[in-house]
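This briefing walks through a few local features of a single model, grouped by topic. Please keep the sequence and the 3D view at hand while reading.

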Amino acid sequence: MSTRISSGAARTSSSASPEQQDASAPSSGTARSLLSIGELARRAQVSPRTIRYYEELGILPTPQRTAGGSRRYPPEYLSYVQGALLLKELGFSLEEVRELCQGTQERTGETSARTHAMLATKMAVLEQRIRLLSRLHDLIRAAAEGGGEANSGAAELLRLLGEEAQAAGSASSPTGQR
């Protein structure tokens with residue numbers, strides 16, 4: 001359920017009752033500190049369509065709205081968007097991001113068994129990537145320093161990258177575990 005705020009919520013009206021003022025006041029700061037969908041999208045470097053889609057999926061909490069129906073986002077929504085983008089970069093699907101975000105938004109302190117299983121799987125994938133990236137780092141450093149291993153390091157580097165590409169392909173296939 002969204003909360004409506006008036007476009008003049010930052011101003012105090014002597015004709016409004018305290019109940020009306022409380023209902024129209026944003027929950028986090030003044031109306032001036034709230035962001036339009038365009039401003040939130042600009043700061044997050046995504047399109048307004050992405051913001052609306054994340055809201056529809058439940059990745060973003062339902063924002064407050066002005067009396068005219070315009071969305072108004074507290075600045076902390078930027079963290080939700082940036083977090084979702086980072087999780088996607090790490091290989092999480094939007095459904096997985098949604099599940100994690102909804103658990104955070106509900107603040108129940110309890111994580112479902114499904115979420116625990118998903119996180120355990122993601123942790124194993126990330127640990128494998130860390131090992132791969134660490135080896136890749138060492139190979140690139142050796143090649144950059146021109147050590148005697150430069151030629152064999154290049155072959156090893158290509159092999160590791162091939163293994164990573166295969167692992168990434170199987171993780172995103174319909175039969176792979178996501």
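Tyr 73, Tyr 77 and Tyr 80 are joined into a cluster by ring pairs. The model is a predicted one, and a search through the whole of the structure turns up two aromatic pairs. One of these is the pair of Tyr 77 and Tyr 80, whose arrangement is edge-to-face, with 5.7 Å from centre to centre and 80 degrees between the planes.

Tyrosine cluster
- Tyr 77 and Tyr 80 both belong to helix H4 (residues 77–89), and because they are three residues apart there, about one helical turn separates them.
- Tyr 77 has a relative accessibility of 8% and therefore counts as buried.
- Tyr 80 is likewise buried, since its relative accessible area of 18% falls under the 20% cut-off.

Charge over a ring
- The ring of Phe 92 has the charged end of Lys 122 sitting over it, at 5.1 Å from the ring centre.

Backbone at Gln 45
- Although Gln 45 is not a glycine, its phi is positive, at about 60 degrees.
- For context, most residues other than glycine have a negative phi.
- Gln 45 is found in the loop that runs between helix H2 (37–44) and helix H3 (48–57).
- With a relative accessible area of 74%, Gln 45 is exposed, the cut-off for that term being over 50%.

Terms used
Residues are numbered from 1 along each chain as its sequence is written. This is a predicted model: local features need pLDDT of at least 70, side-chain atom pairs count only at pLDDT 80 or more; totals for chains, interfaces and linings use all residues. Side-chain values use heavy atoms; hydrogens and water are left out. Helices (H or I, at least four residues) and strands (E, at least two) are DSSP runs, numbered from the N terminus. Buried means under 20% relative accessible area, exposed over 50%, partly exposed in between (1.4 Å probe, protein chains only). Rings of Phe, Tyr and Trp (its six-membered ring) pair if their centres lie within 6.5 Å; planes under 30 degrees apart count as stacked, over 60 as edge-to-face and the rest as tilted. A charge sits over a ring if NZ of Lys or CZ of Arg is within 6 Å of the ring centre and within 35 degrees of the ring normal.
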